[in-house]
Amino acid sequence: MMYLPDNVKIIICHRDPRDSWADIIGDKVWYSKYGMPLEAFIAGRKNTENCVNYNSDKIMHVQFEEFCLKHEEYRKKILEFVGLSENETLATKKFFDPKISGKNIGIYKNIENKEAILKIEQELKEYCFYN
């Protein structure tokens with residue numbers, strides 16, 4: 001178990017790996033320079049999920065898609081988790097706008113390589129978001 005000081009809280013945000021992959025291959029500048037084989041992406045995601053799979057009263061897991069689609073509900077849960085009240089929050093929607101970020105949900109449906117998406121669904125099905 002990971003040691004966390006008493007005053008530390010961690011919020012881990014998980015995103016559908018199909019959309020993460022679509023973002024990676026959609027960034028033509030980054031992808032053409034660095035590339036990433038699908039198998040490396042899948043192995044890396046499994047490793048990451050295994051590393052952050054802690055259950056603790058100091059760790060909150062949030063699904064990105066749920067945070068966008070049910071933003072107010074999850075925002076309130078997060079505020080309660082970290083011990084803040086509504087009037088202690090600053091710059092609401094200045095750095096994160098759920099309407100803008102919500103447009104990134106399901107972007108995998110627009111990529112041409114459907115075989116890659118099927119492989120991600122097979123290998124990482126427990127991390128895929130099904131609305």
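## Ground rules and overview

Helices (H or I, at least four residues) and strands (E, at least two) are taken here as DSSP runs, numbered from the N terminus. The model you are looking at is predicted, so to speak of local features a pLDDT of at least 70 is required, side-chain atom pairs count only at pLDDT 80 or more, and totals for chains, interfaces and linings use all residues. Residues are numbered from 1 along each chain as its sequence is written, and side-chain values rest on heavy atoms, with hydrogens and water left out.With that settled, the chain holds seven helices and two strands, and from the N terminus on its elements run β-α-α-α-β-α-α-α-α. Of its 131 residues, 35% count as buried (buried means under 20% relative accessible area, exposed over 50%, partly exposed in between, with a 1.4 Å probe and protein chains only). Among contacts in the chain with a separation of 6 or more, residues 24 or more positions apart account for 74%; a contact means heavy atoms within 4.5 Å.

## Helix H1 and its crossing with H7

Helix H1 covers residues 17-26. Eight of its 10 residues are buried, so H1 is largely enclosed by the rest of the structure. The buried residues of H1 are Pro-17, Arg-18, Asp-19, Ser-20, Trp-21, Ala-22, Ile-24 and Ile-25.

Two packed helices are described by the angle between their axes and the distance between the axes. For H1 and helix H7 (residues 114-123), the axes come within 9 Å and cross at roughly 145 degrees. Those axes are lines fitted to C-alpha atoms, for helices over the stretch in contact, with angles running from 0 to 180 degrees between N-to-C directions. On the H1 side, Pro-17, Arg-18 and Trp-21 make the contact, and on the H7 side Ala-116, Ile-117, Ile-120 and Glu-121 do. These residues divide into five nonpolar, no polar and two charged; Ala, Val, Leu, Ile, Met, Phe, Trp, Tyr, Cys and Pro count as nonpolar, Asp, Glu, Lys and Arg as charged, and the others, Gly among them, as polar.

## Two aromatic pairs

A search of the whole structure turns up two aromatic pairs. Rings of Phe, Tyr and Trp (its six-membered ring) pair if their centres lie within 6.5 Å; planes under 30 degrees apart count as stacked, over 60 as edge-to-face and the rest as tilted. Because Trp-21 lies in helix H1 and Phe-41 in helix H3, the pair ties together parts that are 20 residues apart in sequence. Trp-21 is buried at 4% relative accessibility, and Phe-41 is buried at 8%.

Phe-67 sits in helix H4 (residues 64-69) and Phe-96 in the loop between helix H5 (71-82) and H6, so parts 29 residues apart in sequence are tied together. Phe-67 is buried, with a relative accessible area of 15%, whereas Phe-96 counts as partly exposed at 23%.

Glu-49 lies in helix H3 (residues 38-51) and counts as buried, at 7% relative accessibility. Its side chain makes a polar contact with the side chain of His-14 at 3.0 Å (a pair of N or O atoms within 3.5 Å; within protein, one must be able to donate a hydrogen and the other to accept it, and residues adjacent in sequence count only if both atoms are side-chain atoms). Leaving aside residues up to four places away in sequence, Glu-49 touches His-14 and Tyr-127.

Lys-109 is found in the loop between helix H6 (98-101) and H7. Lys-109 is exposed, with a relative accessible area of 55%. Lys-109 and Arg-18 are 91 residues apart in sequence, with 8.7 Å from C-alpha to C-alpha.
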